[in-house]
Amino acid sequence: MLKAAPDLLLLIPAYNEEQRIEPVLRDYARFFRQNYAGKFKIVVVLNGCVDGTLGVVRRAAADFPEISALDFPAPIGKGGALIEGLKLAPTTDLIGYVDADGATAPVAFLDLVRHCDQADCVIGSRWLPGSILHQSQSKQRQVFSRLFHVFVQFLFRLNITDTQCGAKVMRREAVEKIHSALRIADVAFDINLLFSLKRNGFRILEVPTEWTDKLGSKIKLNKGALGIILSVVRLRLFYSPFYPWLRPLRPLEAWIYRKLRAPQPLPGLTSEK
Ligand SMILES: Nc1nc2c(ncn2[C@@H]2O[C@H](COP(=O)(O)OP(=O)(O)O)[C@@H](O)[C@H]2O)c(=O)[nH]1
Ligand SMILES: [Mg+2]
């Protein structure tokens, strides 16, 4: 059972976001102060930033004590940053994440939180009827994103319309149970998360959301796309009977990730039941 006003921890992964993140942090802090009765905290998870993101976050934190930052120098990727951030699950009731660019407004995230009495994980969907999408993605990106969706559905049968929406919130118990199965460091991390939740019998609820695509994406789709596809295939193979036979291919896999400059998956992926 959830408390009437559960403690809520919001993670914001951030890579070179000095231009975009500050108004987002201030808007979220202000909005949740005014509209949320439970305890609310924001933790920005940075890694490998070569700009002034940390300084900007500290400036916002000076005005809003609910904001803090974790900074990892290594290039652990968006997924790696979220895997680190989700280690904070035991300190809260609900834990979620949104992008640093404000694509999900505070009111849209609060709407996901409000649905947490119905499911273990509530995720925004930009494709369900009722969603509102202010699109500024290039045609190439839109095509990739829909083809990727078909590919993921073919491999994992998740029956989720929008695995990649950057707004998700989960109950602490669910995150604690599946955390050791989280390994994928690039943006295919979301598939890793959703598939692990589903395998463990947790209920995932998709809610139509409002999303505003922002310029200045930090995710490059030329080389990045190959890394993401490799991560998805790798994840699928891990759950197949062939996985032990593929061990000799590990050095090749590591070499491909290095060539693509994509964050390597975390080693292991062995402890999930
Ligand atoms: N910590 C961390 N965050 C990242 C990394 N790459 C992207 N992000 C964050 O992931 C979120 C989504 O990225 P964004 O550039 O908005 O992607 P897009 O709008 O989906 O193309 C933003 O908050 C980024 O700062 C990374 O390597 N590390
Ligand atoms: Mg974005």
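This is a predicted model: local features need pLDDT of at least 70, side-chain atom pairs count only at pLDDT 80 or more; totals for chains, interfaces and linings use all residues.
Helix 3 lies across strand 1, strand 2, strand 3 and strand 4, and the angle at which helix 3 runs to strand 2 is about 140°.

An open sheet is formed by seven strands, arranged in the order 3-2-1-4-7-5-8 with mixed pairing. At the edges stand strand 3 (67-72) and strand 8 (204-208), each of which pairs on one side only. On average, and with direction ignored, neighbouring strands of this sheet are turned by 20° against each other. Within the sheet, strand 4 (residues 94-97) and strand 7 (residues 168-171) run antiparallel and are joined by four bridges. Ile95 has Met170 in strand 7 standing opposite.

Two helix pairs were also described, both involving helix 1. In the pair formed by helix 1 (residues 21-35) and helix 2 (residues 53-63), the axes are 9 Å apart and the packing angle is about 25°. Helix 1 is therefore roughly parallel to helix 2, because angles under 35 degrees count as roughly parallel. The crossing of helix 1 and helix 2 is right-handed. On the side of helix 1, the contact is made by Ile21, Glu22, Leu25 and Arg26, and on the side of helix 2 by Thr53, Val56, Val57 and Ala60. Five of the residues in the contact of helix 1 with helix 2 are nonpolar, two are charged and one is polar.

The other pair joins helix 1 to helix 4 (residues 106-114), with axes that come within 10 Å and cross at roughly 50°. Helix 1 and helix 4 are therefore oblique to each other. The crossing of helix 1 and helix 4 is right-handed. Helix 1 brings Asp27, Tyr28, Phe31, Phe32 and Asn35 to this contact, while helix 4 brings Pro106, Val107 and Leu110. Sorted by class, the contact of helix 1 with helix 4 has six nonpolar residues, one polar and one charged.

Technical notes
Residues are numbered from 1 along each chain as its sequence is written. Chains are lettered from A and ligands numbered from 1 in the order in which they are written. Axes are lines fitted to C-alpha atoms, for helices over the stretch in contact, and angles run from 0 to 180 degrees between N-to-C directions. Angles under 35 degrees count as roughly parallel, over 145 as roughly antiparallel, 65 to 115 as roughly perpendicular and the rest as oblique. A crossing is left-handed if the near helix is turned anticlockwise from the far one by less than a right angle, and right-handed if clockwise. Two residues are in contact if their C-beta atoms, placed from the backbone, lie within 7 Å. Ala, Val, Leu, Ile, Met, Phe, Trp, Tyr, Cys and Pro count as nonpolar, Asp, Glu, Lys and Arg as charged, and the others, Gly among them, as polar. Two strands pair if DSSP finds at least two bridges between them.
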